Amino acid sequence: MSSPASTSGPDLTQGVAIDELPARGTLLGHVGEEPVLLVRREERFFAVGATCTHYNGPLAEGIVEDDTVRCPWHHACFSLETGEALRAPALSALPCWSVGQREGKVFVGDRKPAARARTVIASAAPARIVIVGGGAAGFAAAERLRREGFQGSLVMLSDDDSPPVDRPNLSKDYLAGNAPEDWLPLRPDAFYAQHGIELRLNAEVTGIDVASREVVLRGGGRVPYERLLLATGAEPVRLALPGIDLPHVHTLRTLRDCRAIVARAATARRAVVLGASFIGLEVAASLRARGLDVHVVAPDQRPMERILGPQLGDFVRRLHEEHGVVFHLENTPASIDERRVHLKSGATLDADLVVAGVGVRPRTALAEGAGLAVDRGVVVDAHLETGVPGVFAAGDIARWPDRLTGESIRVEHWVVAERQGQTAALNMLGRHQAFDAVPFFWSQHYDVPINYVGHAPAWDELAIDGDIAARDCAVRYKRQGRVLAVATIYRDVESLGAELRMEKATASA
Ligand SMILES: Cc1cc2nc3c(=O)[nH]c(=O)nc-3n(C[C@H](O)[C@H](O)[C@H](O)COP(=O)(O)OP(=O)(O)OC[C@H]3O[C@@H](n4cnc5c(N)ncnc54)[C@H](O)[C@@H]3O)c2cc1C
Ligand code: FES
């Protein structure tokens, strides 16, 4: 997260000559202390807050498309008309101002009142919705349901002991010690009662009775539903190794996991991270920020090669080495004891903290138990509905038909999970909307963000534009000449542009 954009640029209440604004242009200015983006779309003008409500991204550096503005950092999308956060990861609206014209100038006037929740047609809406999962998809669905004006009973069941948190932060700023814990909750505790969301924590759902339309809780309680959203996410893979259950060996999924690693890191000196993909390497960077010696052990030839390709993999490796991380690649752990990790190569690494980040497994047991179709994820249609009418699935567990390739895919990304939660919310209200957002994720390594848009589990051509070592590049992953995904470093507008192009290709497929 960064501080909000400064109040640079003109005072927009004093007026700007219309001729100075291109017909489809933007101008960053301010109203009092607030940075404001003035947007011209031919004859229409809009004034919205210039700072993204997710992590304070600079919207003046984003893209205006139709009547929306998109954030350059993690691709949130806001309505210019109402400021509404149309697409995650932002969930809160931008402030908006009225705009008037006189004597060839455009003036920003009063701040508009916040938009009210919409009104749903009561006859089309169910009376009772239950969401299983208090993570990205579950929270985004609940928030969207209330924003859409859903008035019925809304119960969110989570077996976690924390209310929904900003999970990506658990391996980044919070773990590094750069973010206080009060940045983590997606909403303050009071939000749930204020919005009539019955959030039940430590509530493990053990079964779904599809015939009676009830979920069954550990302990025997039952909660009836008319629509059900399964958003149970994924859990870390646990390696079958001697010593894996020792108290200094951790995985990272929940706030509780993260607190335990932070507590251990306070006295530890040497950490071994098992796994060289996103979470493992973000953990490595954060532990370096806390001053620990960090060694990374992984079977791969290069970090992240399977997703990003060899060139970016080499870059990521060098970046971590420059920060003091030591890699033990093409190697795996054989056992762990109180003070060391023993590798299959015969080497031994001292370790008073071990974090295993070797992948996750979707939590599909509930769906399987209920007889839903499961194929390495819960199978859903384009509307995120399972084969059982009224039962939806979203987030890390969902396998859905990708409209760009026609393949059925499952991804483990924060923004995808949130956007799926939002689409599922609309569909539980009977809107019948296909999920067609292009997958997007970001990963942060020290001061280098990597943005990735699209989905390319395999490619036959990799085209590099720019200079990876100079941290200014776009890498395109193609199959049969078609761009399936684009990874960028410090080319945010290019990443947004790629998303737009893929959306249009998706829509016309
Ligand atoms: C440390 C970390 C960093 C990450 N960083 C990034 C990143 O930078 N970018 C990115 O795109 N993605 C990132 N991810 C991945 C991202 O967090 C996930 O893709 C996302 O959280 C998936 O959302 P979800 O709602 O499907 O699942 P989750 O957020 O995992 O939520 C699942 C919820 O279901 C609950 N649950 C499960 N089973 C039951 C049950 N039987 N009964 C009751 N409740 C149950 C869980 O307690 C949890 O509340 C990161 C993940 C982690 C762990
Ligand atoms: S800062 Fe705007 S989407 Fe994250």
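These legends describe close-up views of one predicted model. Local features need pLDDT of at least 70 and side-chain atom pairs count only at pLDDT 80 or more, while totals for chains, interfaces and linings use all residues. Residues are numbered from 1 along each chain as its sequence is written, chains are lettered from A and ligands numbered from 1 in the order in which they are written, and side-chain values use heavy atoms, with hydrogens and water left out.

**View 1. The shell around ligand 1 holds 33 residues.** A residue is near the ligand if one of its heavy atoms lies within 4 Å of it. Ala 137, Asp 159, Lys 172, Arg 253 and Asp 396 come nearest. The shell divides into 15 nonpolar, nine polar and nine charged residues. Here Ala, Val, Leu, Ile, Met, Phe, Trp, Tyr, Cys and Pro count as nonpolar, Asp, Glu, Lys and Arg as charged, and the others, Gly among them, as polar. Helix H1 (136-147), helix H9 (414-428) and strand E32 (440-445) each supply at least two shell residues. Helices (H or I, at least four residues) and strands (E, at least two) are DSSP runs, numbered from the N terminus.

**View 2. Oxygen atoms of ligand 1 meet polar atoms of the protein.** A polar contact is a pair of N or O atoms within 3.5 Å. An N or O atom in the side chain of Asp 159 is 2.5 Å from a ligand oxygen. For a polar side-chain atom of Arg 253, the distance to a ligand oxygen is 2.7 Å. Asp 160 takes part through a polar backbone atom, 3.5 Å from a ligand oxygen. Taken alone, ligand 1 exposes 990 Å², and the protein buries 95% of that. Accessible areas come from the Shrake-Rupley method with a 1.4 Å probe.

**View 3. Helix H1 is mostly covered.** Twelve of its twelve residues are buried, meaning under 20% relative accessible area (1.4 Å probe, protein chains only). Among them are Phe 139, Glu 143 and Arg 147. Gly 149 follows H1, with a positive phi near 90 degrees.

**View 4. Strand E26 (residues 353-356) pairs with E19 and E20.** Two strands pair if DSSP finds at least two bridges between them. E19 (residues 249-250) and E26 run parallel over two bridges. E20 (residues 270-274) and E26 also pair in the parallel sense, over four bridges. Val 354 is the bridge partner of Val 249 and of Val 272. Leu 353 and Val 355 point one way from E26, Val 354 and Ala 356 the other way, and all are buried.

Definitions and conventions. Polar contact = N/O pair within 3.5 Å; in protein donor to acceptor, adjacent residues only side chain to side chain. Buried < 20%, exposed > 50% of the residue type's maximum accessible area, 1.4 Å probe, protein only.
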